[in-house]
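Student: I would like to learn how to read a strand pairing and a nonpolar core from a model. Where do we begin?

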Amino acid sequence: MAPKMKIHKGDLVHMITGKDRGKQGRVIASRPAERRVIVENLNIVKRHTKPRPMRDSSRMGGTQMTPGGVVEKASPVPVANVMVVCPTCNRPTRIGMKEKAVKDKRLHVRVCKRADCGEEIDK
């Protein structure tokens, strides 16, 4: 079983270290086994690719090629280098967990740990 992370896909995060320190972006993908997340428009790297034939393109006639060249894409960032931005107070925050009873079930919800906020992050 993969270890749990408190940062999920779709969260708005704030970079606290690295070349993009101070910038914010949405989490595109999370990789709990590696303890990393991919954030859009942050930690951009250049990848040099060669033109290659596309898969299943023979139906359209001739073979089609994917273009080559220099492609910029976001690379994974360690979870320790980002903080979730609270949707209520709009500041980077640490995340706490709280149990909530809904229809005879106990749910774990993420909450903002700032003293003046304390609101739920999951709405």
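Tutor: Begin with the term itself: two strands pair if DSSP finds at least two bridges between them. The model here is predicted.

Student: Which residue in E12 does Gly-96 stand opposite?

Tutor: Gly-96 faces Val-111 of E12. The two strands concerned are E11 (residues 95–102) and E12 (residues 105–112), which pair in the antiparallel sense over 8 bridges.

Student: How many residues lie between the strands in the hairpin of E11 and E12?

Tutor: There are 2 residues between the strands, and in this hairpin Lys-103 takes a positive phi near 50 degrees.

Student: How many helices and strands does the protein chain have?

Tutor: The count is 0 helices and 12 strands. The radius of gyration is 20 Å, well over the 14 Å that the globule rule gives for 123 residues, so the protein chain is more spread out than a compact globule. Its C-alpha trace spans about 60 × 40 × 25 Å along the principal axes.

Student: What share of the residues is buried?

Tutor: Buried means under 20% relative accessible area. By that cut-off, 26% of the 123 residues in the protein chain are buried.

Student: Which residues have the most contacts inside the largest nonpolar core?

Tutor: They are Ile-7, Val-13, Val-37, Val-82 and Val-84, in a core of 14 residues. Strands E1 (12–15), E3 (36–39) and E9 (82–85) each supply at least two residues of this core.

Student: What is Val-37 in contact with, leaving aside its neighbours within four places in sequence?

Tutor: Its partners include Met-5, Ile-7, Val-27, Pro-76 and Val-82.

Note on methods: Residues are numbered from 1 along each chain as its sequence is written. This is a predicted model: local features need pLDDT of at least 70, side-chain atom pairs count only at pLDDT 80 or more; totals for chains, interfaces and linings use all residues. Side-chain values use heavy atoms; hydrogens and water are left out. Helices (H or I, at least four residues) and strands (E, at least two) are DSSP runs, numbered from the N terminus. A nonpolar core is a set of buried Ala, Val, Leu, Ile, Met, Phe, Trp, Tyr and Cys residues joined through side-chain atoms within 4.5 Å. Buried means under 20% relative accessible area, exposed over 50%, partly exposed in between (1.4 Å probe, protein chains only). Contact means heavy atoms within 4.5 Å. The radius of gyration is taken over C-alpha atoms; the globule rule is 2.2 Å times the number of residues to the power 0.38.
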